Amino acid sequence: MADALLTLAGVHTHIGHYHILQGVDLAVPRGELTMLLGRNGAGKTTTLRTILGLWRASAGAIRFESEDITQRETPSIANLGIAYVPESMGIFAGLTVRENLVLAARSGPPEEKRLDWIFRFFPPLKKFWQLPAGLLSGGQKQMLAISRAIVEPRKLLLIDEPTKGLAPAIINNLIEAFAELKQTDTTILMVEQNFHAAKSLGDSVAVMDAGSIVHAGRMAELAADAALQARLLGLSLEAHQ
Amino acid sequence: MKPGIDWIPPALLLAIALGALAMIGNPSTWVTLTVAGLAMGLLIFIMSSGLTLVFGLMDVMNFAHGLFIAIGAYVAASTLKLLSAAAGSQSFLANLGAVLPAMLAAVLIAGLLGLAFERVIIKPVYGQHLKQILITTGGMIVAEQLIHVFWGPDLLPLPRPATLRGSFLIGDMAIEKFRLIAVIVGLAVFAAMLLLLNRTKIGLLIRAGVENKEMVEAMGYRIRRLFVGVFVAGSALAGLGGALWGMYQESVTVHIGANMMVLIFIVIIIGGLGSIGGCFAGAVLVGLVANYVGYLSPKIALGSNILLMVLVLLWRPQGLYPVSKQ
């Protein structure tokens, strides 16, 4: 296994009075796509948000490229080369597709070559380039949200349920796009409820339950072991297969 | 495919203006009232545009916004007094040489005060609406007393320079010179804001921050710094608006800002919190309706803007140009 780009050691997160993450230990290998699976409410989204500093870890340590980022502010963490695609997609509805991408490109206007690469994955974005993003369909919004994350090369992508609520054809399109993105050696930590998508894309996997990691290993091993799937993912797996 | 503009609010403004023409009957009176309404509306827009962005960007309820209006008016009055020779001259250029420094001083002092106010008063209460209301209201009271200390409690005259008084006569229509200037300045400010918001990266960041500040931070931008800039710019614009409003009324009292706050809140609510286009449309709507109703039915003029707000919110509860929030 490759060395870890990101590690979480004993991370706890409280939201108000709720103790959500209860000692998360996780290593995200460099250049791989790691799937974060688990039932609803297991703490997957909270893990991503805690990594990015959107919720502050109350204990434990988060290291990115060996640097402790636990108490850093969100913009400072993002500027280390981490992009985030939230479950809500977080697109700016009043801004056009172009403006959304211009904003996501921190180091200057988006490069033509990079945009052509993105348009190859997601042709509708080229077609609706000057359209306010709020007028896009759900699938197109997700395409835009992912495109913002990759409009410049990033070291780590944090992607939360990219296939949620999308039509099967669009999910297949996204799976193809992520498969090609993996060829660029970008490290990805992805929360996913769709096990079909997860096993198609994941190199490694971590399964969460009740705020902690209960299994970590290779995705291929989990995909091949129905009993392990049933034990770790239970009803949520059946519902989404 | 091209982005669409919602033309219904501008069409409404046009319909109101044409409806008023039919009710007033006399075209020259209608022109005078329309220019007065536009001038009033655009001055309110200058004063309120910063506040709507401040609320939209950081959910900050600044009840002391009127302070910057008052400071702008007082600073302009003091500057014009210092430059009384130029202000009292019959030459337009000399008058301009007095008015421009007065406006500039109002903008600078209000902006600097805005910076200090944000750092000392607003910063400790981010995300705490009740405390924001209490501390900004308290800040306003303290600031008004400080104005008494520096400028005294009496009404301060702010006479317009000689060449800015009087009216242009076109046929039997009288268009007051200063109102025309207010319209031109207001349109220039609106155009500059549109350019900034639509053509620059800072503008994109402000628009994006109004919609979803968390996502802007997740992209690596420091929204707090942006907010400080917007707060200072909004305070400076309020100072400019206060200076112009003081000259419009030709006098300044300590309550000049506080008296405008009801209209300003109506405008930003009608427009849609955080929306500059909405703020502009709302301000023009309020200015026109106040002048038309004041002429046609003076008895209901006082309540006309409240009624207007109720009707607009019944039609569009999020305002004329709502900002999609996440």
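Start where helix 11 of chain B ends: B:Gly272 follows, with a positive phi near 105 degrees. Helices here are DSSP runs of H or I, at least four residues, and strands are E runs of at least two, numbered from the N terminus.

A word on the source. This is a predicted model: local features need pLDDT of at least 70, side-chain atom pairs count only at pLDDT 80 or more, and totals for chains, interfaces and linings use all residues. Residues are numbered from 1 along each chain as its sequence is written, with chains lettered from A and ligands numbered from 1 in the order written.

Back to helix 11 of chain B. It covers residues 256-271 and reaches 23 Å from first C-alpha to last. That is close to the expected 22 Å, which is 1.5 Å times one less than the number of residues.

Where does helix 11 of chain B bend? At B:Val262, by about 35 degrees. That is the angle between axes fitted to the seven residues ending there and the seven starting there.

Its buried residues include B:Met260, B:Met261 and B:Leu263. Buried means 20 or more other C-beta atoms within 10 Å of the residue's own, with C-beta atoms placed from the backbone. The buried residues of this helix pack against several elements of chain B, among them helix 2, helix 10 and strand 4.

Last, the partner chain. 20 residues of chain B contact 24 of chain A; contact means backbone-placed C-beta atoms within 7 Å. Helix 8 of chain B gives the largest share of chain B's side, five residues.

Note on methods
Two residues are in contact if their C-beta atoms, placed from the backbone, lie within 7 Å. A residue is buried if 20 or more other C-beta atoms lie within 10 Å of its own, exposed if 12 or fewer, and partly exposed in between; C-beta atoms are placed from the backbone.
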